[in-house]
Amino acid sequence: MIYFVGAGPGDVDLITVKGLKKLQEADVIIYAGSLVSEEHLQAAKEGCSFYNSAKMHLDEVIQVMKEAVQDEKLVVRLHTGDPTIYGAIQEQMDRLIELAIPFEVIPGVSSFTAAAAALPREFTLPGVSQTVILTRIAGRTQVPEKEKLGELAKHRASMAIFLSVQDMAGVVEELREGYGSWDIPIAVVYRASWPDQRIVRGNLADIVDKVAAAGIRKQAQILVGDFLEGDYQLSKLYDKSFTTEYREGI
């Protein structure tokens, strides 16, 4: 059996209880060594085999899984954050389906929620935004034209931008075009929840210089939108005059 497990954003305590249990039971762990803390591996039982997928291609990963299952071993494929977001797991799952190898996906805490928690801000503020857009700028992996940052920014929804801090100037250029303004709050959170976490705040006019001065070039979340500062409406959920299923308004 194969388990795709989300390790969380960095802090080893942010893995789910279910994910940790599978790590402790695993006979084989294939982990994303470029991003996942190796401290997670300390949870493994004696005799567990480890494979760093940063040094492997897809065929090699699948071969390890196939051989382990043939030997009736439990395999954990440990991904950073939540494996369903920029985790490149669909291609792995499709190969396992072809091979009739059973698998399960165990979700994890994503870096975009860890970044918001670090600030700390809420993405979905009443009267400001009730939508969160997860996206990235084009790189070696292209982005559909309709999903360019400039087009998405026109919605003025809360936005979390992955895998893009290496081209901060390009990110800002596209965002400014979409928003039609430089006066838009933005924050960059480097290695959210890790011990060396850093936060850079600013607006579209100054964030490029601030990020460059901080030396941040990878492993960072870019959060942008009016949810980062300013006024908002209080929720109806805790409004004393609002009647809910569980209490009568006064």
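Author: Quick definition to start: buried means under 20% relative accessible area, exposed over 50%, and partly exposed in between (1.4 Å probe, protein chains only). This is a predicted model, where local features need pLDDT of at least 70 and side-chain atom pairs count only at pLDDT 80 or more, while totals for chains, interfaces and linings use all residues. Residues are numbered from 1 along each chain as its sequence is written, and side-chain values use heavy atoms, with hydrogens and water left out.

Reader: Thanks! Is Lys22 buried or exposed?

Author: Lys22 is buried, at 15% relative accessible area. Glu25 is partly exposed at 37%, and the two form a salt bridge with their closest N and O atoms 3.4 Å apart. A salt bridge here is a side-chain nitrogen of Lys or Arg within 4 Å of a carboxyl oxygen of Asp or Glu.

Reader: And how far apart are Glu25 and Lys22 in helix H1?

Author: They are three residues apart in H1 (residues 17–25), so about one helical turn separates them. Helices (H or I, at least four residues) and strands (E, at least two) are DSSP runs, numbered from the N terminus.

Reader: How many salt bridges does the structure hold?

Author: Eight. One of them joins Arg95 to Asp59, with the closest N and O atoms 2.9 Å apart. That pair links distant parts of the chain, as Arg95 is in helix H3 (residues 90–98) and Asp59 is in helix H2 (residues 58–70), 36 residues apart. Arg95 is partly exposed at 26%, and Asp59 is partly exposed at 45%.

Reader: Nice. What does Arg156 form a salt bridge with?

Author: Its partner is Asp226, the closest N and O atoms being 3.5 Å apart. Arg156 sits in the loop between helix H5 (149–153) and E7, and Asp226 in the segment after E10, so the pair ties together parts 70 residues apart in sequence.

Reader: Switching to the sheet: in what order do the five strands run?

Author: The order is E6-E7-E10-E8-E9, in an open sheet with mixed pairing; strands pair if DSSP finds at least two bridges between them. At the edges are E6 (132–136) and E9 (198–203), each pairing on one side only.

Reader: How many bridges join E8 to E9?

Author: Six, and these strands run antiparallel, E8 covering residues 185–190. Ile186, for instance, has Gly202 in E9 as its bridge partner.

Reader: Which strands does helix H7 touch?

Author: H7 (residues 207–214) packs on the sheet against E8 and E9, its direction making about 160 degrees with that of E9. Contact means heavy atoms within 4.5 Å; axes are lines fitted to C-alpha atoms, for helices over the stretch in contact, and angles run from 0 to 180 degrees between N-to-C directions.
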